[in-house]
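Please look over the sequence and the model shown here before reading on. The paragraphs that follow lead from the overall fold to its core, and then to the charged residues.

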Amino acid sequence: MDVHQIKYREKLAEHLIKNLTKRRMAASFAPTAAQAREEIIAMIPADATVSRCGSMSLVEMGLWEELAKKPGVR
């Protein structure tokens with residue numbers, strides 16, 4: 001990805017986060033799939049039940065495999 005694409009995504013994320021925050025929603029930006037996966041896993045408490053949806057992005061980033069390693073998560 002080139003520098004212009006990275007800058008564009010950062011600015012877009014900044015705009016979206018600002019608008020979501022105004023509506024009292026939590027939001028963050030992760031520039032890579034690996035960072036996004038780690039942020040998501042950190043949000044899920046132990047002994048949580050997680051429902052799988054049809055998101056191919058979550059499958060491609062390896063979220064389900066990593067989540068299965070987290071103790072107590074069903």
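A residue is called buried when its relative accessible area is under 20%, exposed when it is over 50%, and partly exposed in between, with a 1.4 Å probe and protein chains only. At 19% relative accessibility, Arg 37 therefore counts as buried. The model is a predicted one, in which local features need pLDDT of at least 70 and side-chain atom pairs count only at pLDDT 80 or more, while totals for chains, interfaces and linings use all residues. Residues are numbered from 1 along each chain as its sequence is written, and side-chain values use heavy atoms, with hydrogens and water left out.

Helices (H or I, at least four residues) and strands (E, at least two) are taken as DSSP runs and numbered from the N terminus. On that basis the chain holds 4 helices and 0 strands, and along the sequence its pattern reads α-α-α-α. The radius of gyration, taken over C-alpha atoms and compared with a globule rule of 2.2 Å times the number of residues to the power 0.38, is 14 Å for the chain, whereas a compact globule of 74 residues would have a value near 11 Å. Along the principal axes, the C-alpha atoms fill a box of roughly 40 × 30 × 20 Å. Of the 74 residues, 19% count as buried. With contact meaning heavy atoms within 4.5 Å, 46% of the contacts between residues at least 6 apart in sequence join residues at least 24 apart.

Which residues make up the largest nonpolar core? A nonpolar core is a set of buried Ala, Val, Leu, Ile, Met, Phe, Trp, Tyr and Cys residues joined through side-chain atoms within 4.5 Å. The largest one has 10 residues in all, namely Ala 36, Ile 41, Ile 44, Ala 48, Leu 58, Met 61, Leu 63, Trp 64, Leu 67 and Val 73. The elements that give two or more residues to this core are α2 (33-43) and α4, and the largest share, 3 residues, comes from α4. In soluble globular proteins, nonpolar side chains tend to be buried together. Leaving aside residues up to four places away in sequence, Ile 41 touches Leu 63, Glu 66, Leu 67 and Lys 70.

Lys 70 lies in the segment after α4 (63-68), and its contacts, with residues up to four places away again not counted, are Ile 41, Ile 44 and Pro 45. For the charges, Lys and Arg count as positive and Asp and Glu as negative, while His and the chain ends are not counted. A salt bridge is a side-chain nitrogen of Lys or Arg within 4 Å of a carboxyl oxygen of Asp or Glu. Lys 70 is buried yet has no salt bridge, and the nearest side chain of opposite charge, that of Glu 38, is 8.9 Å away. What does the side chain of Lys 70 reach? The side chain of Lys 70 comes to 2.7 Å from the backbone oxygen of Ile 41.

By the rule given above, the count comes to 3 salt bridges. One joins Glu 38 to Arg 37, whose closest N and O atoms are 3.7 Å apart; Glu 38 counts as partly exposed at 44% relative accessibility. Glu 66, partly exposed at 28% relative accessibility, forms a salt bridge with Lys 69, with the closest N and O atoms 3.1 Å apart, and Lys 69 counts as exposed at 61%. The side chains of Glu 10 and Lys 7 also meet in a salt bridge, at 3.9 Å from N to O. Because Glu 10 and Lys 7 are 3 residues apart in helix α1 (residues 3-22), about one helical turn separates them. Glu 10 is partly exposed, with a relative accessible area of 36%, while Lys 7 counts as exposed at 51% relative accessibility.

Most residues other than glycine have a negative phi. Arg 24, although not a glycine, has a positive phi of about 60°; Arg 24 is in the loop between α1 and α2 and counts as exposed at 80% relative accessibility. Asp 47, also not a glycine, has a positive phi of about 65°; Asp 47 is in the loop between α2 and α3 (56-60) and counts as exposed at 56% relative accessibility.

Note on methods:
A polar contact is a pair of N or O atoms within 3.5 Å; within protein, one must be able to donate a hydrogen and the other to accept it, and residues adjacent in sequence count only if both atoms are side-chain atoms.
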